[in-house]
Amino acid sequence: MTDNFDVADFARQFRAFMTAVSRLAPPEKPSALRRRLESHLGRDPDGLPVVTDSFPAFEHPNIQVALDAYLDEGGRRADLLGISGANREHHGLADIVNATGRHQQFDVGAVDYVSVPVGVETDMTCIGFGLLLIVSSDDRLVVLLRVGARRTGMPQVQLEVLTADVTAARRFLDTIRNLAVERSIFRGQVLSFESHEFSDGLGPLRFHHRPEVDQADVILPPGALEALHRNVVGTTEHRARLQAAGHRLRRGVVLYGPPGTGKTHTLRHLIGRAPAATVLIVTGFSAQFIREACTMARTLAPAIVVLEDVDLVAQGRERPSAALTNPFLAEILNMMDGVAEDADVTFLLTTNRLEAVEEALVQRPGRVDLVVEVPPPDETGRSRLLTLYGRSLLLSDADVSRIVESTAGVTASFFAELGRRAELLAATSGDARADAGHVMRALDELNGSRAAFGRRG
Ligand SMILES: Nc1ncnc2c1ncn2[C@@H]1O[C@H](COP(=O)(O)OP(=O)(O)OP(=O)(O)O)[C@@H](O)[C@H]1O
Ligand SMILES: [Mg+2]
């Protein structure tokens, strides 16, 4: 570098040179996209503010439904355009708009659509990447709807609104947010959160048929099912009366007992008994979605939040000082608390180890109202279970007594397996009906592997 090099002077000369060069180039014709934007907005779009709102990707169908509802309202209309151009997904709306002018990186193209599940066997076509030129009374909005931007790690749906009037943009986004809740396709559905992310459509959410388990098929100690019905279903049925009397609706129920005694079975029955409830199932393995599940429960009430195997996420105090430092347990507690008391939401928690969670969960007034033990069945229970799962068996009263006696300590699921095995033994032996002989053989087999089927003691 020489001493007499003057940077400022060089810059001046360079700018003059570039201006001269650009005058030599033929004038650029604005892209079709540019012309559409200009005529829609009635002005040059460069430099206009962009207001953005983001939603978890699983809200995609609700955003689409909300947009449709918004545009259905009288006096509103919109043109839908696609955008072509390399790497458009890496650019914000402001960049895209700017690049329709001078460098013409982007132009009008085809709209991207994606098919998104909205039920067990139903899909909905949603805009995946598209530009809406919206006219709503005096507002002129340019709205980019896109999915898949992973700015926060989780896939997202984004609405970017470009308009001269920032309040109009906010008003639009608020309306969409409210409509997305009001018209949510999740309302009244049974949904579970899965721990791993899927790139298709709804990310961690899975749809399920509402289970139908008859009351007669749930064999619990006397009074247990009545108490559960009263808390879960009764509260919804008598919502108005409870509220008028100043009582809260939000409630928490814990089901505890060893594996195979019917906690999940009972939950399935309760879900079936609350046909209008939105059901959100979170297990210890998908605990990171507790926040989303609780937010959805709040907005989609009446709702049931099922938290299965909470001991997997919630550790008791006997694990060194883990009780309230466990972030998932703390999350459950905070989230349960974050749902307003007047929300018609049931939290149904299950665990194999009450002692591991009771101190933190159960002994917090206002969070858990009912704790139900689901123990291995007593004699009466075993006799009822044998009747239930042994419907096809040919058994005398004496056979029944003998089987009930020799199954002390087994769990309820043992009987489902016993009935199945006895029937299979009869079928494979070519016998028309399964009888006590088949049951005894099945019992011997099962006792051989009883640990696997929950025999206790
Ligand atoms: N109390 C019961 N009444 C009738 N059938 C039952 C009962 N308990 C269990 N079963 C039968 O056994 C199967 C397994 O039981 P379930 O999955 O409900 O056990 P669980 O208590 O949830 O066990 P885990 O703690 O391992 O989750 C049920 O699908 C049902 O067929
Ligand atoms: Mg279970």
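How many bridges join strand 2 to strand 5, and in which sense do the two strands run? Six bridges join them, and the strands run antiparallel. The model behind this report is predicted.

## Overall make-up

The protein has 16 helices and 14 strands. Of its 457 residues, 35% count as buried. Take the contacts with a separation of 6 or more: residues 24 or more positions apart account for 73% of them.

## Strand 2 and its partners

Strand 2 covers residues 76-84, and strand 5 covers residues 123-136. Across this pairing, Arg77 stands opposite Val135 of strand 5. Strand 2 also pairs with strand 3, residues 107-109. That pairing is antiparallel too and has three bridges. Here Ile83 has Val108 of strand 3 as its bridge partner.

Ala78 is a residue of strand 2. Is Ala78 buried or partly exposed? Ala78 counts as partly exposed because 17 C-beta neighbours lie inside 10 Å, and a buried residue needs 20 or more. Leu131 is 53 residues away from Ala78 along the chain, yet their C-alpha atoms are separated by 9.5 Å.

## Strand 8 between two neighbours

Strand 8 spans 190-193. Strand 8 pairs with strand 9, residues 205-208, through four bridges in the antiparallel sense. In that pairing, Phe193 is bridged to Leu205 of strand 9. Strand 8 also pairs with strand 11, this time in parallel, over three bridges. Val190 has its bridge partner, Val279, in strand 11.

## Gly252 in strand 10

Gly252 belongs to strand 10. Why does Gly252 count as buried? Gly252 counts as buried because it has 23 C-beta neighbours inside 10 Å, where the cut-off is 20 or more.

Setting aside residues up to four places away in sequence, Gly252 touches Met336, Phe347, Leu349, Arg367, Val368 and Asp369. Thr346 lies 94 residues from Gly252 in sequence, but the two are 5.7 Å apart, C-alpha to C-alpha.

Helix 8 runs over 263-273. Its buried residues are Lys263, Thr266, Leu267, His269, Leu270 and Ile271. Several elements cover these buried residues, including strand 8, helix 6 (224-237) and strand 10 (251-256). Strand 11 (278-283), strand 12 (303-308) and strand 13 (345-351) are also among the covering elements.

The largest nonpolar core holds 104 residues. Which members touch the most others? They are Leu280, Val282, Ala293, Ala297, Val305 and Val306. Ala297 itself touches Thr278, Leu280, Ala303, Val305, Val339 and Val345, not counting residues up to four places away in sequence.

## The shell around ligand 1

Ligand 1 is surrounded by 17 residues. The closest are Pro259, Gly262, His265, Ala412 and Ser413. By class, the shell has seven nonpolar, eight polar and two charged residues.

Which helices each supply at least two residues of this shell? They are helix 8 and helix 15, the latter at 412-428. Two domains contribute as well: domain 2 (205-373) and domain 3 (379-453) each provide at least three residues of the shell.

Definitions and conventions:
Residues are numbered from 1 along each chain as its sequence is written. Chains are lettered from A and ligands numbered from 1 in the order in which they are written. This is a predicted model: local features need pLDDT of at least 70, side-chain atom pairs count only at pLDDT 80 or more; totals for chains, interfaces and linings use all residues. Two strands pair if DSSP finds at least two bridges between them. A residue is near a molecule or strand if its C-beta atom, placed from the backbone, lies within 6 Å of it. Ala, Val, Leu, Ile, Met, Phe, Trp, Tyr, Cys and Pro count as nonpolar, Asp, Glu, Lys and Arg as charged, and the others, Gly among them, as polar. Domain bounds come from an automatic or database domain assignment. A nonpolar core is a set of buried Ala, Val, Leu, Ile, Met, Phe, Trp, Tyr and Cys residues joined through C-beta atoms within 7 Å. A residue is buried if 20 or more other C-beta atoms lie within 10 Å of its own, exposed if 12 or fewer, and partly exposed in between; C-beta atoms are placed from the backbone. Two residues are in contact if their C-beta atoms, placed from the backbone, lie within 7 Å.
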